[in-house]
Amino acid sequence: MDNERGTVRSAQAGVSNAQPHRARLPRSRHPVGEPPIPGPASPWILMYHSVAVEKEDPYRLTVSPERFAEQIAWLHRRGRRGVSVRELMRARALGRDEKLVGLTFDDGYADFARYAVPILQAYGFTATAYVVADLLGRDNDWDVEGPRKKLLTVQEVTELAAAGWEIGSHGLGHQSLPGLPAEALTVQARESRRLLEDVVGGPVTGFCYPYGAVDLPAALAVRDAGYDYACAIAHSPLTGRFALPRCYVGDRDGAWRLRAKKGRHRLRDAVTELRRTRRERWERRR
Ligand SMILES: [Zn+2]
């Protein structure tokens with residue numbers, strides 16, 4: 001469960017039995033916590049989980065296919081194109097992201113392929129699915145109270161990647177990273193990447209923190225594992241390339257609520273930037 005505020009609910013399941021990574025991955029050029037990519041505003045990225053018909057949804061993870069189609073149609077009407085975060089970051093580097101919005105799907109639910117993909121394709125949109133590298137083909141047993149939902153299988157992930165959908169890492173075992181020992185952080189970041197690169201047959205450059213939970217050691221581990229960017233949820237002092245804030249979208253979000261959420265995202269950008277500037281000024285004076 002990664003809810004709107006990005007709270008941490010549980011952090012169990014060891015990773016000590018994971019295999020050591022095979023190859024040394026390149027160290028990223030990008031510093032953690034530096035101004036977001038560049039400029040004061042962060043890119044606009046929406047966070048989805050499951051698109052399906054669900055009677056019970058205690059973690060508010062599910063958007064119905066009808067509501068999802070409405071939301072995507074609204075973005076389209078507003079002149080926005082939904083893209084993977086990989087594409088969004090590339091466009092941003094060239095200053096061409098103004099009309100784009102990042103679309104992300106956490107946990108890798110099988111319903112992404114069944115319901116979300118056809119709707120996105122109808123508009124020529126793309127998206128990123130962040131999958132739990134060691135749980136492909138299983139279900140979301142980390143959400144103890146929620147309905148069991150099937151996760152994408154190895155074959156489905158391979159096919160999605162081949163069709164151009166970005167596959168990113170959501171770690172191993174859907175485990176919250178803050179507080180883990182350094183060695184476990186390294187395994188989470190590197191081993192999940194290595195497993196997924198075998199499945200997709202190419203580079204995996206995006207990471208998404210389970211529960212949106214990130215601290216500095218986690219962000220450094222992800223950067224040092226060679227990822228190009230990572231998604232969080234909330235704005236924080238770490239907001240930047242390795243802690244991209246995202247906007248939760250739920251089943252109640254119609255047009256005006258989406259518009260309000262976009263405004264709130266920009267407000268949080270401004271507050272985060274103000275705090276960053278103040279902090280830098282204070283540090284210079286010391
Ligand atoms: Zn998740």
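Q: Which residues touch the most other members of the largest nonpolar core?

A: Of the 71 residues in that core, A129, V131, Y209, V214, V222 and A230 touch the most other members. The model is predicted, and everything below is a reading of that prediction.

Q: What does V214 touch, leaving aside residues up to four places away in sequence?

A: V214 touches L177, P178, Y209, A219, A232, L238 and A243.

Q: How many helices and strands does the protein chain have, and what percentage of its residues is buried?

A: The protein chain has 7 helices and 10 strands. Buried residues account for 46% of its 286 residues.

Q: Among contacts between residues at least 6 apart in sequence, what percentage joins residues at least 24 apart?

A: The figure for the protein chain is 70%. An example of two residues separated in sequence can be taken from G171 and Y209, which are 38 residues apart along the chain. Their C-alpha atoms are 7.2 Å apart in space.

Q: Where is G171, and is it buried or exposed?

A: Burial is read by counting neighbours: a residue is buried if 20 or more other C-beta atoms lie within 10 Å of its own. G171 has 28 such atoms within 10 Å, so it is buried. Its place is in the loop between strand 7 (166–169) and helix 5. Leaving out residues up to four places away in sequence, G171 touches V132, L177, Q188, S192 and P210.

Q: Is K55 buried or exposed?

A: The other end of the scale applies here: 12 or fewer C-beta neighbours make a residue exposed. K55 has 6 inside 10 Å and therefore counts as exposed. K55 is in the loop between strand 2 (50–51) and strand 3 (62–63). In sequence, K55 and P147 are 92 residues apart, while their C-alpha atoms are 9.0 Å apart in space.

Q: Where does L88 lie, and what does it touch?

A: L88 is in helix 2 (residues 85–93). With 27 other C-beta atoms within 10 Å, L88 is buried. Its contacts, not counting residues up to four places away in sequence, are P43, V83, D97, L100 and G102. L88 and L103 are 15 residues apart along the chain, with 9.4 Å between their C-alpha atoms.

Q: How is a pair of packed helices described?

A: Two numbers are used: the angle between the axes and the distance between them. For helix 1 (residues 65–77) and helix 3 (residues 111–122), the angle is about 25° and the axes are 10 Å apart. Angles under 35 degrees count as roughly parallel, so helix 1 and helix 3 are roughly parallel to each other. Their crossing is right-handed.

Q: Which residues of helix 1 and helix 3 meet?

A: P65, F68, A69 and I72 in helix 1 meet Y115, A116, I119 and L120 in helix 3. By class, this contact has 8 nonpolar residues, no polar ones and no charged ones.

Q: At what angle do helix 5 and helix 6 cross, and how far apart are their axes?

A: The axes of helix 5 (residues 182–200) and helix 6 (residues 216–224) cross at roughly 45° and come within 9 Å. Helix 5 and helix 6 are therefore oblique to each other. The crossing is right-handed.

Q: Which residues of helix 5 and helix 6 meet?

A: A182, L185, T186 and A189 in helix 5 meet P217, A218, A221 and V222 in helix 6. The residues of this contact divide into 7 nonpolar, 1 polar and no charged.

Q: Are D107 and Y211 buried or exposed?

A: D107 counts as buried because it has 26 C-beta neighbours inside 10 Å. Y211 has 23 inside 10 Å and so counts as buried as well.

Methods:
Residues are numbered from 1 along each chain as its sequence is written. This is a predicted model: local features need pLDDT of at least 70, side-chain atom pairs count only at pLDDT 80 or more; totals for chains, interfaces and linings use all residues. Axes are lines fitted to C-alpha atoms, for helices over the stretch in contact, and angles run from 0 to 180 degrees between N-to-C directions. Helices (H or I, at least four residues) and strands (E, at least two) are DSSP runs, numbered from the N terminus. Angles under 35 degrees count as roughly parallel, over 145 as roughly antiparallel, 65 to 115 as roughly perpendicular and the rest as oblique. A crossing is left-handed if the near helix is turned anticlockwise from the far one by less than a right angle, and right-handed if clockwise. Two residues are in contact if their C-beta atoms, placed from the backbone, lie within 7 Å. Ala, Val, Leu, Ile, Met, Phe, Trp, Tyr, Cys and Pro count as nonpolar, Asp, Glu, Lys and Arg as charged, and the others, Gly among them, as polar. A nonpolar core is a set of buried Ala, Val, Leu, Ile, Met, Phe, Trp, Tyr and Cys residues joined through C-beta atoms within 7 Å.
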